[in-house]
Amino acid sequence: MPASLVTNIFTADPSAHSFNGRIYVYPSHDRETDIKFNDRGDQYDMTDYHVLSMDRVGAPVTDHGIALKAEDVPWVSKQVWAPDCAQGPDGKFYLYFPARDKQGIFRLGVAVSDKPEGPFTPDPDYIPGSFSINPASFVDDDGSAYVYFGGIWGGQLQCYSSPEGGAFDASQDGPHEPTGAGVPALLPRVAKLSKDMHTFAEPAREIQVVDEKGDLLLADDHERRFFEASWLHKYNGLYYFSYSTGDTHFLAYGTGTSPYGPFTYKGKILEPVVGWTTHHSIVEHEGKWWLFYHDCELSKGVNHLRSVKVKELKYDDKGDIITMTPE
Ligand code: FUB
């Protein structure tokens with residue numbers, strides 16, 4: 001089994017990028033609490049972010065210390081969850097992160113730094129029009145930047161009935177999702193970022209994840225439907241949208257010809273890890289592709305105490321990702 005990247009702290013939800021010839025990893029920073037496990041994810045009660053970096057996979061890993069604290073973000077009440085970072089056209093680094101606002105509703109925030117490791121200075125308010133969790137950034141070859149986001153149950157995606165979010169339906173907060181014959185699954189969201197990287201340039205749009213016939217995946221198809229942990233990468237000109245299936249614990253993916261989708265479901269990337277959650281990123285560095293992910297091996301199976309690991313990701317001749325096991 002691969003070793004944890006660091007063992008001095010618990011880390012999860014790794015978003016990895018190759019910046020300035022080095023791999024930077026933006027994880028959640030898990031901490032011990034006595035909060036009882038529930039389907040709203042209250043036990044994931046993180047209060048700050050650390051950034052990790054390394055020259056290459058296998059080289060020593062630097063923990064750069066605290067990059068941003070929840071208490072320094074005016075709009076946040078609690079639970080800074082899975083972040084990501086993008087380099088803007090101005091060369092600066094933009095950390096995108098989800099947290100509950102003062103009303104307990106998950107929103108997305110942004111914080112900026114001159115350096116990939118931070119420290120990051122947060123904008124005073126959340127990104128207008130943002131909702132739910134797990135922002136993952138993608139900068140396309142033409143410089144257009146996008147943020148992919150959304151997560152159901154604790155991530156509250158089921159509380160919104162329109163693509164761009166809109167009114168928050170508190171009656172759906174908690175472990176609710178659609179069900180029934182022919183009922184489509186809830187869909188992840190994407191928004192193009194403004195040139196200054198601080199706001200959405202357009203209202204959020206739904207991302208369609210479809211089967212080989214072009215039909216939307218169904219809500220009851222828990223082995224394949226989107227749950228949380230969006231990630232987008234590009235390989236040989238094709239867009240790969242990957243995500244967690246949540247309660248069936250797979251990392252899955254689909255491919256498409258536009259960053260907005262639709263994405264046709266292709267298969268699994270990673271079989272279930274030790275622990276309830278699974279969350280990842282995919283990055284190319286020095287000519288190889290890497291899957292950063294987490295499991296709960298270091299904490300001996302405590303679901304909210306996770307550790308980031310990495311495995312080499314390979315494609316077959318058709319460009320399909322070869323399914324991995326955590327071992
Ligand atoms: O880390 C808190 C939450 O757990 C993330 O937002 C989810 O993706 C899951 O990994």
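## Positive phi angles

A strand, as the word is used here, is a DSSP run of E at least two residues long, and strands are numbered from the N terminus. D13 lies in strand 1 of this predicted model. D13 isn't a glycine, yet its phi is positive, at about 50°. Most residues other than glycine have a negative phi. As for its surroundings, D13 has 31 C-beta neighbours inside 10 Å, so it counts as buried; the cut-off is 20 or more.

K300 is another non-glycine residue with a positive phi, this one near 60°. K300 sits in the loop between strand 20 (288-295) and strand 21 (307-313).

## Confidence

The chain has a mean pLDDT of 97, with 100% of its residues at 70 or more. For the model, ipTM and pTM both come out at 0.98.

## Around the ligand

There are 14 residues around the ligand, and the ones that come nearest are Y44, W81, A82, T277 and H279. Strand 1 (10-19) and strand 15 (228-235) are the elements that give two or more residues to this shell. By type, the shell splits into six nonpolar, six polar and two charged residues.

Strand 15 also pairs up with strand 16 (residues 238-244): the two run antiparallel and are joined by six bridges. H233 has Y240 in strand 16 as its bridge partner. Together the two strands make a hairpin with two residues between them, and N236 in the turn has a positive phi of about 50°.

Four strands line up in the order 10-11-12-13 to form an open, antiparallel sheet. At the edges are strand 10 (136-139) and strand 13 (205-206); each has a single partner strand, so one side of each has no neighbour in the sheet.

Strand 11 (residues 145-149) and strand 12 (residues 189-192) share four antiparallel bridges. Y148 faces V190 in strand 12.

## Core and cis prolines

The largest nonpolar core has 86 residues, and V25, L95 and L291 touch the most other members. Strand 7 (residues 93-101) is the top contributor to this core, with six residues. Beyond its neighbours within four places in sequence, L95 has contacts including Y26, L68, C85, G118 and F120.

P119 falls in the loop between strand 8 (106-113) and strand 9 (121-122). Another cis bond joins G261 and P262, with omega about 0°; P262 is in the loop between strand 17 (251-256) and strand 18 (263-270).

Notes: Residues are numbered from 1 along each chain as its sequence is written. This is a predicted model: local features need pLDDT of at least 70, side-chain atom pairs count only at pLDDT 80 or more; totals for chains, interfaces and linings use all residues. pLDDT is the predictor's confidence in each residue, from 0 to 100. A residue is near a molecule or strand if its C-beta atom, placed from the backbone, lies within 6 Å of it. Ala, Val, Leu, Ile, Met, Phe, Trp, Tyr, Cys and Pro count as nonpolar, Asp, Glu, Lys and Arg as charged, and the others, Gly among them, as polar. Two strands pair if DSSP finds at least two bridges between them. A nonpolar core is a set of buried Ala, Val, Leu, Ile, Met, Phe, Trp, Tyr and Cys residues joined through C-beta atoms within 7 Å. A residue is buried if 20 or more other C-beta atoms lie within 10 Å of its own, exposed if 12 or fewer, and partly exposed in between; C-beta atoms are placed from the backbone. Two residues are in contact if their C-beta atoms, placed from the backbone, lie within 7 Å.
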